2 protein chains.
Amino acid sequence: MRPQPPNFSTKERILGVAETLFARHGFAGASLRQVTAAANVNLAAVNYHFGSKESLIEEVFRRRLDELNRHRLAALAAIEANPSRTLDDVLDAFIRPALEQSMDSTGGTAFVRVLARAYAEHDERLRKFLSDNYGHVLREFAGAFSRLLPRLSKDELYWRLDIVAGALTYAMADFGMIKRKNDVSEQSHREQSAQHLVRFAAAGLRAE
Amino acid sequence: MRPQPPNFSTKERILGVAETLFARHGFAGASLRQVTAAANVNLAAVNYHFGSKESLIEEVFRRRLDELNRHRLAALAAIEANPSRTLDDVLDAFIRPALEQSMDSTGGTAFVRVLARAYAEHDERLRKFLSDNYGHVLREFAGAFSRLLPRLSKDELYWRLDIVAGALTYAMADFGMIKRKNDVSEQSHREQSAQHLVRFAAAGLRAE
DNA sequence: CTATGATTCAAACGATCGTTTGATTCATGA
DNA sequence: TCATGAATCAAACGATCGTTTGAATCATAG
């Protein structure tokens, strides 16, 4: 974790470094002293700009999830307009934006791993924050899935979605560590990854 | 986390409580003071019986993984004897022992969540410990998978196995939170869960 | 240039962390 | 019964945690 050059503002540098350190050591494991040292800012800067470590964590999520879920909802809306849509299409609308973000140049790689952390943590406050701010997205997708899987009970659907989301989150977190071969363009690598995940998840949802 | 009655030895009480608290708050998030208080033992007991927090964590894994991987290897050996074995059989040999342990009476529920934590953590020492002590199990299974998926390159196989293992771990960690319906026996619930997971994982491995 | 609010800084706060110490209690074989 | 090692205990160690403080510095509008 090399000290971050001052090309960005203090807030932005803190957010970027916090993201990678939370991904690496967890929310409890990464201290504000590590974060501020790596970001080349004063220790007090976190509490000055964000108020608390808890709020910094939330801000790390907000920065990525706002954009990510906007893309997801847009993709879902585009799909819903098509009357011949399939389960794979809806899954693709959920997965592809995350995959694109995790492979962009601004270092979204670490964030997918932060998301995987959040899944492993059963922290009450964090789950409430995510549910309060982004629950409507999952509810939209649950509705779309429900319409395509009418034989599934609501209970059955919800825990399958929960499992599928967790499995996908973990899988995507690990994708960042897989080196794509040199003879495969980044775009086609992403394409293949998305197809694998969609097929994987669709099989789980359609099971039985 | 109610104080543990003294039916068990000090070491056993510490291990049991540590397991559930590590599952709930993570390895960094659960302190030895929380653990020893809930286990009704003196704070110094951890360092006396285990040497350090690090060693306690390893012991929490060892207690469950020794038995779990023994069952896995036994199941795999039984499968390998059958010349008409399928991918689903090998996956079943990997998944079912974990599912059985996570549903037994001694509270293995929490441990599956501890395993999910370990997957999310990319901690160097912890990964080395698991690789050193249980890597041979994964290597055995990788061999079995490789023989059933001869068209997959070694690289391709290994990262698919990694992803499948992670996804399964996540899924199983969440299974503990899903209430089975009253009209479904625990055994048939486990049966269905195993089938879902096997189908889910097989689709991912066979993809393309 | 100067005044004012925003930002950064070194330093310290009390709390909690994992670990260690030395005395005390317990269990057990001689 | 008594001695000896194992086990438990209260207390404290230094380190590190998140947070707060008040002064120093910066940027900017009047």
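## Helices α4 and α5 of chain A

In this predicted model, helix α4(A) meets helix α5(A) through two sets of residues. From α4(A) come Arg64(A), Leu68(A), His71(A), Arg72(A), Ala75(A), Leu76(A) and Ile79(A). From α5(A) come Asp89(A), Val90(A), Ala93(A), Phe94(A), Arg96(A), Pro97(A), Ala98(A) and Gln101(A). Sorted by class, this contact holds nine nonpolar, two polar and four charged residues.

Two packed helices are described by the angle between their axes and the distance between the axes. Here the axes of α4(A) and α5(A) come within 9 Å. They cross at roughly 150°. An angle over 145 degrees counts as roughly antiparallel, so α4(A) and α5(A) are roughly antiparallel to each other. Their crossing is right-handed.

## Helices α5 and α7 of chain A

Helix α5(A), residues 87–102, also packs with helix α7(A), residues 124–148. The two axes come within 10 Å and cross at roughly 165°. That angle makes α5(A) roughly antiparallel to α7(A). The crossing of α5(A) and α7(A) is left-handed.

## Helices α1 and α4 of chain B

Now turn to chain B. Helix α1(B), residues 10–25, packs against α4(B) at an angle of about 95°. Their axes are 10 Å apart. An angle from 65 to 115 degrees counts as roughly perpendicular, so that is the label for α1(B) and α4(B).

Leu15(B), Ala18(B), Glu19(B) and Phe22(B) make the contact from the α1(B) side. Leu56(B), Glu59(B), Val60(B) and Arg63(B) make it from the α4(B) side. This contact of α1(B) with α4(B) has five nonpolar, no polar and three charged residues.

## Where the two chains meet

How many residues of chain B touch chain A? There are 25, and they are in contact with 25 residues of chain A. Three helices of chain B each supply at least two residues to this side: α6 (109–120), α8 (154–175) and α9 (186–206). The largest share comes from α8(B), with eight residues. By class, the side of chain B that touches chain A has 13 nonpolar, six polar and six charged residues.

## Around the DNA strands

DNA strand D is surrounded by 16 residues. The closest are Ser31(A), Ser52(A) and Lys53(A) from chain A, with Thr10(B) and Asn42(B) from chain B. The elements giving two or more residues to this surface are α2 (32–38) and α4 (53–80) of chain A, together with α3 (45–49) of chain B. The surface near DNA strand D has eight nonpolar, five polar and three charged residues.

DNA strand C also has 16 residues around it. Thr10(A), Asn42(A), Ser31(B), Ser52(B) and Lys53(B) come nearest. At least two residues of this surface come from each of α3 of chain A and α2 and α4 (53–80) of chain B. By class, the surface near DNA strand C divides into eight nonpolar, five polar and three charged residues.

## Ala45 of chain A

Ala45(A) sits in helix α3 of chain A. Leaving aside residues up to four places away in sequence, Ala45(A) touches Thr10(A), Ile14(A) and Thr36(A). Ala45(A) and Ile14(A) are 31 residues apart along the chain. Their C-alpha atoms are separated by 8.6 Å.

Why does Ala45(A) count as partly exposed? A residue is buried at 20 or more C-beta neighbours within 10 Å, and exposed at 12 or fewer. Ala45(A) has 17, so it falls in between.

## Asn40 in both chains

Asn40(A) lies in the loop between α2 and α3 (45–49) of chain A. Its phi is near 60°, a positive value in a residue other than glycine. Asn40(A) has 15 C-beta neighbours inside 10 Å, so it is partly exposed.

Asn40(B) lies in the loop between α2 (32–38) and α3 of chain B. Asn40(B) is not a glycine, yet its phi is positive, at about 60°. With 16 other C-beta atoms within 10 Å, Asn40(B) is partly exposed.

Conventions. Residues are numbered from 1 along each chain as its sequence is written. Chains are lettered from A and ligands numbered from 1 in the order in which they are written. This is a predicted model: local features need pLDDT of at least 70, side-chain atom pairs count only at pLDDT 80 or more; totals for chains, interfaces and linings use all residues. A residue is near a molecule or strand if its C-beta atom, placed from the backbone, lies within 6 Å of it. Helices (H or I, at least four residues) and strands (E, at least two) are DSSP runs, numbered from the N terminus. Ala, Val, Leu, Ile, Met, Phe, Trp, Tyr, Cys and Pro count as nonpolar, Asp, Glu, Lys and Arg as charged, and the others, Gly among them, as polar. Two residues are in contact if their C-beta atoms, placed from the backbone, lie within 7 Å. Axes are lines fitted to C-alpha atoms, for helices over the stretch in contact, and angles run from 0 to 180 degrees between N-to-C directions. Angles under 35 degrees count as roughly parallel, over 145 as roughly antiparallel, 65 to 115 as roughly perpendicular and the rest as oblique. A crossing is left-handed if the near helix is turned anticlockwise from the far one by less than a right angle, and right-handed if clockwise.
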